[in-house]
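Okay everyone, thanks for coming.

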Amino acid sequence: MNDAMTEQQHASKKMHSPTRDDELLSKPLPAQVLKLLFDRLGISVQTGALTQACEQAQTALQETSPSPAQRFSFIAHALKLQGVQAAQLRWTRLDKRRLPALIFYQSQWQYIEKTKDETFTLTNDRGVSICCTAEALENGIVLWLRTPKKKEESSAFSLKGNIAARLVLSEMFKTRRWLVDIIIATVVINFLAIATSIFAMQVYDRVVPTLAYSTLTTLVTGMFIVLSLDWLLKTIRARTLDSVSCAVDKAVSQQVFDHVMRLQLDTRPRSLGTLAAQVGGLDSVRQFFSSGIVFALVDMPFALFFIAFITLIGGPIGWVYMLLLPIAATLGWVTQRRLRRLLKQQMIRSNERQGLLVDVIQGAESIRSNNASWRFSELWQEITLTISRYNIRQKAISNIATVTTGSLSTVAYVCAIVVGVGQIESGNLTMGALIACSILGGRVIGPVSQSIQYLTQWQNVSQALDMVNQVLVLDSERKAGQNLLLPEKSPESIELSELTFSYPETPVRQLNIANLHFKAGERIAVLGAIGSGKSTLLKVLAGLYRPSEGRVRLGNADLWEIDPNVVANDVSYLPQNVHLFKGSLRSNLVLSGEVSDSHLLDVSTELGIDRIAQDSPMGMDLAISEGGEGLSGGQRQLVGLGRIFLAQPKIWLLDEPTASLDGESEKQVLQALQKHVKPDDILIISTHRPALAKQLASRVIVMDRGEIKADGKPETVLPTMMARKSAGNGLAQRKLPNHASSKEQGNNVSFNPANMNKGSINVI
């Protein structure tokens, strides 16, 4: 069987890569195309020097058949480019956001960049440009360049200890021109506010006693101009803040989402609902900063300015507002102190309720089939009741603060009138001046009242920022600023050395492997009982889980020091439970990139996915809901396998690839594997079925409690393993009573080599 498989693999290799690989290696990198890419990436290179370097590379490397990445390394060294590296990727595995790059298309290297209408523009060395779709470029090879990151100017605004708050503030004040515009507009608006009080004072002191209508007309005309200017400035100020808020929300939410996508999976919170709620806390942050908080902060200093103006025209009336201002400020400080702990507890319980809701929706079938609806209903009621209590207390504190501030404003007005009457009696104040002081008094208490409301909102925002910060402090798959490697050659081996792995906050060691090595062309089956570490081993090999200790070497480099895009180009992983996303059958198959319809149909036919499409009039546009609801476990597994086959990796990591399949589907999958896995690929399958191991594997590894118990050829390892299992079962039966032993014997399956191909023996 292995010999037949090898012959088919050689035939497959010839079919997939005829002379294109030789042509790719022989084609030099055109200087004209490289110059386009350098200019786009901001790399300063003289055209003459670049042409000379390309010619030197062609002459010096003529006999070695270097890869495109190696050619570029020679050119970069000749040009003395520091920190510029190249990676060779297949088009279907390239993150399109990493464009521009070079692509080998139509037997020549061309410059490629993405256009606004989701198509791609290719330019050759003669300067001729064409437009292409992603499907037309399916078989292209991309040479992507990584340039040194530019150091960004550090922002003057920083908030130690909270990454989320620092992220929001740094984005807000990345460009400070908007803040200057808002401050200028706010200053002018507050100066214009004085015009209203002056208008009232002039009307009561000059127009009313003499009925001077010409003076009134002049005053009204002036006020109309002032009000028009005030309306215009406030409108511009609001639009400016809204645009800044939207830009900050877009930038921050994208950074948080990208961080979540890069999270180290073994350290990610187990409750997906809580994680989603934490990320969703950005909404309240955006609403807070777009609600006018900047206006309130800028308006606050003008409270003292208005008090000074009141003192100028009203004398002792200014002391009324000067005495009440610190009282209102103290009230706000006490209020936010009382709300801090209360809102934190409310936020925690709200996240718990969000997590419960997600769990209930995902597990609705299990809940109903086990008649457990009452239990989750009571839990939901308990959490909701707790949140309601917190909410009532929070609103009570906020209402008391708001009502008290309003009362202080009324008290200030009454006291100002009383003091003003005394000043009028003594001849130190006019009626118009008193009315002007009362108008300006509202401008003193108003900002203080608003600040108390903003302080209440800030407690919600600060808790939301803390929740988002809990996500941002989680480890990502690669460290920020890490200088990642871009190997020029595809890996020919993968090796584990002195490796251990444990889940966070768990003392149980899931893996403990001293040394394990896989080389090109090997077909490995990993056997073991449930919980023996098979799936964890594949996830570590795929770079999804980071070892607690030890190293995983992909080729000659540490896997965790290689750019994730390069790892994804060479390694593909099929999990036990395949997750499908909302969309269509086609979009779920081409999850990692666009492929041609012919290639998609070929793979679908070989794996039997076409039968899923045939059952629906929508065909490949069959609608898929979240999680793949509506498809069976076997159908979801076929879709997952389709993703791997379309990716065409160098290293295949398949976790129980046929566990949910029937006999006919399993046969199709095995035939497809024999056709598509190339002779120099590495195939590692985790399975509990020795029959599958004997049929596909040239090497068998047996695991138990995270350790390697056996490693060798199938004909050596499998009989020994089954003999030990049979001996263990016999010992267990002798310890049982006679009637139990007899019953157990009826359920056991004895080892028979003839049954290996029938898949009838399970290894525990």
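Let's start with the sheet, where 6 strands line up in the order β12-β15-β16-β9-β17-β18, forming an open sheet with mixed pairing. At the edges sit β12, residues 571-574, and β18, residues 707-712, and each of those pairs on one side only. Going from one strand to the next, the twist averages 15°.

Before I go on, keep in mind that this is a predicted model. For the big picture, the protein chain has 26 helices and 18 strands. It runs to 764 residues, and 46% of them count as buried.

Who are the neighbours of β16? One is β15, residues 651-655, which runs parallel to β16 and is joined to it by 5 bridges. If you want to find that pairing on the screen, look for Ile651 standing opposite Ile682. Another neighbour is β9, residues 523-528, which pairs with β16 in the parallel sense over 4 bridges. There, the residue opposite Ile685 is Ala525.

So where does the mixed part come in? Look at β17, residues 699-704: β17 and β18 pair in the antiparallel sense, over 5 bridges. In that pair, Ile701 has Asp711 of β18 as its bridge partner.

Now let's bring in a helix. Together, β15, helix α23 (residues 663-676) and β16 make a right-handed β-α-β unit. Helix α23 also packs against helix α20, residues 597-607, at an angle of about 135°, with the axes 8 Å apart. Angles over 145 degrees would count as roughly antiparallel, and α20 and α23 are therefore oblique to each other. On the α20 side, the residues meeting α23 are Thr605, Glu606 and Leu607. On the α23 side we have Gln668, Val669, Ala672, Lys675 and His676. By class, that contact is 3 nonpolar, 3 polar and 2 charged residues.

Next up, some other helix pairs. Helix α13 covers residues 317-362, and it packs with α15, residues 373-425, at about 170°, with their axes 9 Å apart. That makes α13 roughly antiparallel to α15. The contact has 28 nonpolar, 12 polar and 6 charged residues.

Let's zoom in on one residue of α13, namely Leu356. Is Leu356 buried or exposed? Its relative accessible area is 8%, and the cut-off for buried is under 20%, so Leu356 is buried. Leaving aside residues up to four places away in sequence, Leu356 touches Phe376, Leu379, Trp380 and Ile383. Take Phe376: it's 20 residues from Leu356 along the chain, and their C-alpha atoms are separated by 8.3 Å.

Helix α13 has another partner, α12, residues 301-314. The axes of α12 and α13 come within 7 Å and cross at roughly 155°, so these two are roughly antiparallel to each other. From α12, the contact uses Leu304, Ile307, Ile310, Thr311 and Gly314. From α13, it uses Ile317, Gly318, Tyr321, Met322 and Leu325. By class that's 7 nonpolar, 3 polar and no charged residues.

Last stop: helix α3, residues 31-41. Which residues are buried there? They are Ala31, Val33, Leu34, Lys35, Leu37 and Phe38. Covering the buried residues of α3 are, among others, helices α4 (47-60) and α5 (68-79).

Terms used
Residues numbered from 1 in each chain as written. Predicted model: local features only at pLDDT ≥ 70, side-chain atom pairs only at ≥ 80, totals over all residues. Heavy atoms only, no water. Axes fitted to C-alpha atoms, helices over the stretch in contact; angles between N-to-C directions. Parallel < 35°, antiparallel > 145°, perpendicular 65-115°, else oblique. Nonpolar A, V, L, I, M, F, W, Y, C, P; charged D, E, K, R; others polar. Pairing = 2+ DSSP bridges. Right-handed = clockwise from strand over helix to strand, strands pointing away. Buried < 20%, exposed > 50% of the residue type's maximum accessible area, 1.4 Å probe, protein only. Contact = heavy atoms within 4.5 Å.
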